[in-house]
Amino acid sequence: MPYHGRAGLDRIAHGPLLLLSRGGRPHGPSRRHRLSVLALVGLLVGLLALAGCGGGGASHTLTVAGSTTVLPIAEMAAEGFEAQGGAHVLVSGLGSSAGIEAVTNGTADIATSSRDLTAEEASHELVSTVIAHDGIAVIVSPENPVSGLTLAQLRDIYAGKITNWSEVGGPDLAIQVVNRDEASGTREAFRSIVMGGVEFDRAAAVLPGTGQVRDVVSRTPGAIGYISIGFVDSAYTTTTVRALPVDGVDATEGNVEDGSYPISRELYVFTNGDPRGDAYDYISYLLSDDMEQVIRDAGYIPAYDSIPGGKEDAE
């Protein structure tokens, strides 16, 4: 029968597996030779483990888990942070809830989230830091003269209850609803803030990305869609769209930052207690001038909050 002890290593070292005779005596390389090979393999494993620690000798990997919405920002911050000599950062997009749970139970150092804590999550000693603001603009073609919508009207449009622009003060023109796909974080935020538990109209067109929504709405006089405010005036396209006021408030960065624009949210990081050490330094980098343009390019508005605890407490 085959000898299975350390089979993988023996296959690498010798080719065919070592066989045992009925009496238990091995046929193959000598015991001394096998021990020397195993010692060499052990040395190589040890060297690989040391190499994995990085040239700087740091043994700790900072683990950041959570929101897929925040994932691009978190990954770019990790690259810049490491390039400046910070700890190695492992970033994953598991969803806001999973990230918060991971920090709560100690399997992650930092959670990223596109929502605030629930009542149950808030019962733990989690500390939040706002890293960006996100406003969702409701867009139409520049040819559409409608002056604005209320949240209730917007909800009814996306539920399929209002189907003509004449019902909301516009022209006699069928409304062509453009929605995002179910994997979209922007769709989830819009559903949470605008729909209030009401189901989306299944007849709506569903598009996979911000660029597609913007392009279709710009070329279709009766269309309506939603995108992050940072993409309303885009330098990367020749088409134009118009953002509608919602509940009488314009979709501007300033109105998002002061909380007056109704379709807005904050993007967070959470730590178990005040952030310290590498976690503090990483969050500091997220809030630094180096990340400001990265956050704006992602379609969000940078936050300039201070970090709970202060540097002196983090060290």
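This is a predicted model: local features need pLDDT of at least 70, side-chain atom pairs count only at pLDDT 80 or more; totals for chains, interfaces and linings use all residues.
## Largest pocket

The largest pocket has 20 lining residues, and those nearest its centre are Ser114, Gly185, Glu188, Ala189 and Arg265. The volume of the largest pocket comes to about 380 Å³.

By residue class, the lining of this pocket consists of ten polar, six charged and four nonpolar residues. Two helices, H4 (96–104) and H7 (185–195), each contribute at least two residues to the lining. H7 provides the largest share of the lining, with seven residues.

## Strand pairing around E11

Strand E11 covers residues 264–272 and runs antiparallel to strand E5, residues 110–113, with three bridges joining the two. Within this pairing, threonine 112 has valine 269 of E11 as its bridge partner.

E11 is also joined to strand E6, residues 126–140, by nine bridges, and this pair is antiparallel. Here glycine 135 is bridged to serine 264 in E11. Arg265, one of the residues nearest the centre of the largest pocket, falls within the range of E11, residues 264–272.

## Packing of helix H3

A packed helix pair is described by two quantities, the angle between the axes and the distance between them. For H3 (residues 71–83) and H10 (residues 277–286), the angle is about 110° and the axes lie 9 Å apart. Angles of 65 to 115 degrees count as roughly perpendicular, so H3 and H10 are placed in that class. The crossing of these two helices is right-handed.

H3 also packs with H11: their axes come within 10 Å and cross at roughly 150°. Because an angle over 145 degrees counts as roughly antiparallel, H3 and H11 are described as roughly antiparallel to each other. The crossing of H3 and H11 is right-handed.

The structure contains one cavity of 30 Å³ or more. The volume of the largest cavity is about 40 Å³. Its lining is made up of Leu286, Leu287, Ser288, Asp289, Glu292, Ile295, Pro302, Ala303 and Tyr304.

Helix H11, residues 289–297, gives the largest share of this lining, three residues. The cavity lining divides into six nonpolar residues, two charged and one polar. Leu286 of the lining is also the residue at which H10, residues 277–286, ends.

Notes:
Residues are numbered from 1 along each chain as its sequence is written. Side-chain values use heavy atoms; hydrogens and water are left out. Two strands pair if DSSP finds at least two bridges between them. Helices (H or I, at least four residues) and strands (E, at least two) are DSSP runs, numbered from the N terminus. On a 1 Å grid over the protein atoms alone, a cavity is a set of points where a 1.4 Å probe fits but cannot get out, and a pocket is an open set with protein on both sides within 12 Å along at least five of seven lines; lining residues have an atom within 4 Å of a point. Grid points are joined across faces, edges and corners, and a volume is the space filled by probe spheres set on the points. Ala, Val, Leu, Ile, Met, Phe, Trp, Tyr, Cys and Pro count as nonpolar, Asp, Glu, Lys and Arg as charged, and the others, Gly among them, as polar. Axes are lines fitted to C-alpha atoms, for helices over the stretch in contact, and angles run from 0 to 180 degrees between N-to-C directions. Angles under 35 degrees count as roughly parallel, over 145 as roughly antiparallel, 65 to 115 as roughly perpendicular and the rest as oblique. A crossing is left-handed if the near helix is turned anticlockwise from the far one by less than a right angle, and right-handed if clockwise.
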